Amino acid sequence: MGETVITARGMTKSFKGFKAVDGMNLTIERGMIYGFLGPNGCGKTTAMRMLTGLLTPSAGTVEVLGMSVPRDAEALKYHIGYMTQAFSLYGDLTVMENLKFMAEIYGIEPSAQKGRIAELLERYELTELSDRFAGKMSGGQRQRLALAAAVLHEPQLLFLDEPTSAVDPESRRHFWEQLFDLCDAGTSIVVSTHFMDEAERCHRIAIMEAGQVRADGRPQDLMNAMGASVVELEGPTLREIRRKLLTVEGIVSAAQLGARLRVLVSKSISDPVAFLTGRAETAGATLIEQVRPNLEDVFVTSTGEGRQ
Ligand SMILES: Nc1ncnc2c1ncn2[C@@H]1O[C@H](COP(=O)(O)OP(=O)(O)OP(=O)(O)O)[C@@H](O)[C@H]1O
């Protein structure tokens, strides 16, 4: 195993008795992009805030870059970057003014500031926009500025809370390429998301639900180890087939994707296609075939998202 940048044991946060994060265990190695995948309200932001030292856990221990958190939070802040979910820069300052302000906060030497800011403006395609008020920029431009601000002081570890919620698919793809460039240059990254495709890009992920980690590992390993087989059906009566199948023992979930019904069948059934073929519930199906699992299937099988 490589060097560890984050270790959390039993990390918990209660708000008036409600556990927003409930006994989370995490081991994150240097040089990887680690994703928190989960729906709104599952505790991703709360977990991230504890890892950055901004929020004190109600229970458990947290170590980040060898420092005990929140005790060493002040020292830690110079080694981490944090891009919050909401845009946290100043809308009535220009791009340049925002970056200069952040450089002051991080204590970057005045002699080094100009060069570093110019480098980031160039890297994140903001040079032409340096006099633009941050409040007047598009979602994608703001996101690039927020990333530039978060890495200004060259942090070893970068936290990104749902960084691509407000940007179009092309900006999202481009953003992920930039994350891999940062990772390649030695930055470890923790990113939260509720997008499956985004989670699939991570080296490792933790699937979260109701403040707990339901599964964690490499996306491909999680798919291989899934407790269900995936079968797709075609036919004119998919809505009816779905309704009926959801009452059958051994069916984990059934969800329509375009002209196909995607059915998760428990691994306890050895031949899922034979199991679904020729039975009353699937009458009318014109095609029944087994397909490869994806991360959404893993998510459904490891959380309570199955039979809805
Ligand atoms: N300061 C607080 N006081 C009370 N409850 C809180 C507080 N902060 C978060 N919560 C609750 O804790 C739960 C987890 O919230 P959190 O923001 O961590 O989830 P999330 O997974 O980041 O969701 P989202 O994607 O919507 O940001 C939610 O039910 C939320 O309402």
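Helices (H or I, at least four residues) and strands (E, at least two) are DSSP runs, numbered from the N terminus. The model is predicted: local features need pLDDT of at least 70, side-chain atom pairs count only at pLDDT 80 or more, and totals for chains, interfaces and linings use all residues. Residue numbers run from 1 along each chain as its sequence is written.

Figure 1. The chain holds 11 helices and 14 strands. Its C-alpha trace spans about 75 × 45 × 40 Å along the principal axes. Domain 1 covers 4-222 and domain 2 covers 227-292; the bounds come from an automatic or database domain assignment. Taken over C-alpha atoms, the centres of domain 1 and domain 2 are separated by 39 Å. A residue is buried if 20 or more other C-beta atoms lie within 10 Å of its own, exposed if 12 or fewer, and partly exposed in between, with C-beta atoms placed from the backbone. Of the 308 residues in the chain, 39% are buried. Two residues are in contact if their C-beta atoms, placed from the backbone, lie within 7 Å. Among contacts with a separation of 6 or more, 68% are between residues 24 or more positions apart.

**Figure 2. Residues around the ligand.** The ligand is surrounded by Phe-15, Ala-20, Gly-38, Asn-40, Gly-41, Cys-42, Gly-43, Lys-44, Thr-45, Thr-46, Gln-85 and Glu-162. Helix H1 (residues 44-51) supplies the largest share of this shell, three residues. By class, the shell has three nonpolar, seven polar and two charged residues. In this scheme Ala, Val, Leu, Ile, Met, Phe, Trp, Tyr, Cys and Pro count as nonpolar, Asp, Glu, Lys and Arg as charged, and the others, Gly among them, as polar.

**Figure 3. The largest nonpolar core.** A nonpolar core is a set of buried Ala, Val, Leu, Ile, Met, Phe, Trp, Tyr and Cys residues joined through C-beta atoms within 7 Å. The largest one has 84 residues, of which Leu-51, Ala-148 and Val-263 touch the most other members. Helix H5 (residues 139-151) gives the largest share of this core, seven residues. The core draws at least three residues from each of domain 1 (4-222) and domain 2 (227-292). In soluble globular proteins, nonpolar side chains tend to be buried together.

**Figure 4. Helix H5 and what covers it.** The 13 residues of H5 reach 19 Å from first C-alpha to last, close to the 18 Å expected at 1.5 Å a residue; the expected span is 1.5 Å times one less than the number of residues. Its buried residues are Gln-143, Arg-144, Leu-145, Ala-146, Leu-147, Ala-148, Ala-149, Ala-150 and Val-151. The cover over these residues includes strand E6 (80-83), helix H3 (95-105), H4, strand E7 (157-161) and H6. Leaving aside neighbours within four places in sequence, Ala-148 is in contact with Leu-99, Leu-120, Tyr-124 and Leu-126.

**Figure 5. Helix H6 and the glycine after it.** Helix H6 (residues 169-184) has 16 residues, so at 1.5 Å a residue it should span 22 Å; its end C-alpha atoms are 23 Å apart, which agrees. Gly-186 follows H6 and has a positive phi, near 110 degrees.

Figure 6. Most residues other than glycine have a negative phi, and most peptide bonds are trans. Val-69 and Pro-70 are joined by a cis peptide bond with omega about 10 degrees. Pro-70 lies in the loop between strand E5 (67-69) and helix H2 (73-76). Leu-65, in the loop between strand E4 (59-64) and E5, has a positive phi near 50 degrees. Leu-65 counts as partly exposed because it has 19 C-beta neighbours inside 10 Å. Glu-125, in the loop between helix H4 (110-123) and H5, also has a positive phi near 50 degrees. With 14 C-beta neighbours inside 10 Å, Glu-125 counts as partly exposed.

Figure 7. Met-96 is placed in helix H3 and is partly exposed, with 17 other C-beta atoms within 10 Å. Not counting residues up to four places away in sequence, Met-96 touches Ser-130 and Asp-131. Gln-220 is found in helix H8 (residues 219-224) and counts as exposed, with 10 C-beta neighbours inside 10 Å. C-alpha to C-alpha, Gln-220 and Ile-33 are 14 Å apart in space and 187 residues apart in sequence.

Definitions and conventions:
Near = placed C-beta within 6 Å.
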